[in-house]
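Look at the model below before reading on. The text then goes through its interface, its core and its helix packing.

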Amino acid sequence: MKVNYKVNFLKYLYIFPIFALIGVVFIYPLFQVINSSFYNIRMGKSEGVFIGLDNYRLIFSEPLFWKSVNSTLIWTLCSLVIQLIIPMFVAIILNQKLKGIHFIRSSVLLPYIVPMVALAVSMRWMLLPEIGIFNEILKNTIGTQISFLGSQNAAIPTVVIFNSWKLMPFGTLLILSALQTIPEELYEAARVDGANFWKQFIYITFPLLGKIIWFMGFLVLVWNFNAFDAIWLTTEGGPGHILQTLPVLVYRRAFKVFRLGEGAAIATVGSVFLVIIGLLYFKLFAPKKED
Amino acid sequence: MGTRIIRTILVNIGIIMLLLIVLFPIIYIFISSFKPLSELINAATGFFPKQPTLSNYLTLLLVRTPVRNFPLFLLNSLKVSLGTVLLTVLISSVAGYGLARYRYPGGGILIQSMLFIYVFPTVLLIIPIYRMFLNLKLLDTHLGLIIIYTALAAPFCTWLISSFFKTIPIEIEQAASIDGANKLTIFFRITLPLAGAGLLTVGVYAFIIAWGEYMFASILLSSSSNRTAPLGLATLTAEQYIEYGPLLAGSVLIILPVIILFFPVARHFIKGVMGGAIKQ
């Protein structure tokens, strides 16, 4: 018995460091940020002045905040649609048994693993009017030019597509993993019955992907809701604050105009929204403990 | 069999188009970094450089001012990334081993709660972490960044390496234990080397996370001599006259190490993510 106790205690030593780290870097700040949202904090000072709900009153009365909520919803929904639909087709292509398919799969993952900062600053150059490659292509094909990052109409679709291009490989990988669990016999039987590609997709592939699609939808939604680098490094929130999503607004409020308390309040409001989404997901779609 | 041939052709066309869309910007960045300014400000000059030059790289690396010292920034990034790799590999291999070999109360939930941090709103963290580091005197230090990056990388790495440990039969450890080796010796001398591919994958992942991170670095670092490469690159775009040549050269120098490190472990990485996706 004595030995057992010792083993029981020792096994917690293995996982202590990682959970301590998660506690310090993720859990403690969670409570700290809510606390900060009730204070007026000056940059560089460690203590703030308690002001109750004033920060919340202030941000809720700001048109800029509501515009930001609006931008966040548009940004997240557009990204969600693109990043759910396209990976399905990419995954079907990558699910073929071909020579060198492993190399092709690795290559398709490249945008996901390459640092955002390098892609974003180079993309700014590629998207420039007059001198950029994309406008050169437009000039030669449809004879017109677009100020991709400079106009309010074009900025959201442009950055959504750029960000989706970068994140898409991950979703593709998730769907690919689900595709590989679908037995090939199902497709063969369908082909014998004369089902074409679309029929196979709608009656076999799509229904069997169900669970992973919901999981991916949840991940994609959260990641895009939280997206910062893609937006900040290309447009800093866009022409006329059109791309100033909540994370961008928090960053700017806290570290550009140095009102940490207000930033904390905005971050808290945004996170409440995410928590609701998360709870909904786990209530409705989380895998049940059957396996 | 005509439909099979058509199918093969369609798949091949699909793959070529896919690779083109996915890789075009990266390849274009790489190729354009060798173009002189006159070609960089006029895309009509074509895809390939007419007069290839190294001047963008030379300007970036040799024209140095205290606020624009790219070699130093690369060195800082290397320091932070290697620190992150060391700490991540240490923490996640120990935790992954524990999770693979012992049962914990609520074991499944334990791992899930660890991965929960990947849906955590990072923007929620920046203000409290800034204040915490202010109090701990970790602002503007590389150690502070290493701690954050390790926290970002370690949960996924723990989960990945744990699946590698599970494939190592416990009998090997039991045999060593009969031969009188203690737990520490068994872990470091026997189990860890057997999980070599896993360690490598985990190390590369941690490196990639730390090497390219921008947001935390931009908040936590203040003095220009401490800047990491992503921060240095982003400040190039803030100058009044953006020098596109050095900008592209800097992008390539940030992208290239990631690609070189990624390909050897890509298979393990893909297998790890896909295996986990099915489990979920």
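Predicted model: local features only at pLDDT ≥ 70, side-chain atom pairs only at ≥ 80, totals over all residues.

Residues are numbered from 1 along each chain as its sequence is written, and chains are lettered from A, with ligands numbered from 1, in the order in which they are written.

In the interface, 72 residues of chain A are in contact with 74 residues of chain B (contact means that C-beta atoms, placed from the backbone, lie within 7 Å). On the side of chain A that touches chain B, the largest share is 14 residues from helix H1 (residues 2-36) of chain A. Helices are DSSP runs of H or I with at least four residues, numbered from the N terminus. By class, this side of chain A has 51 nonpolar, 16 polar and five charged residues; Ala, Val, Leu, Ile, Met, Phe, Trp, Tyr, Cys and Pro count as nonpolar, Asp, Glu, Lys and Arg as charged, and the others, Gly among them, as polar.

The largest nonpolar core has 152 residues, and Val117(A) and Ala206(B) have the most contacts inside it. Such a core is a set of buried Ala, Val, Leu, Ile, Met, Phe, Trp, Tyr and Cys residues joined through C-beta atoms within 7 Å, where buried means that 20 or more other C-beta atoms lie within 10 Å of the residue's own. Helix H7 (residues 142-166) of chain B gives the most to this core, 16 residues. Leaving aside neighbours within four places in sequence, the contacts of Ala206(B) include Thr84(B), Val85(B), Ala153(B) and Cys157(B).

Helix H8 (residues 184-192) of chain A is another case: of its nine residues the number buried is zero, so H8(A) lies largely in the open. Just after H8(A), Gly194(A) has a positive phi of about 85 degrees.

Two helix pairs remain. Helix H4 (residues 101-113) and helix H7 (residues 152-179), both of chain A, pack at about 130 degrees with axes 6 Å apart; axes are lines fitted to C-alpha atoms over the stretch in contact, and angles run from 0 to 180 degrees between N-to-C directions. The contact includes Val108(A) and Tyr112(A) from H4(A), and Trp165(A) and Phe170(A) from H7(A). Its residues divide into eight nonpolar, one polar and one charged.

Helix H3 (residues 63-94) and helix H9 (residues 197-225) of chain A cross at roughly 145 degrees, their axes coming within 9 Å. The residues of this contact divide into eight nonpolar, six polar and no charged.

Technical notes: Contact = placed C-beta atoms within 7 Å. Buried ≥ 20, exposed ≤ 12 C-beta atoms within 10 Å, placed from the backbone.
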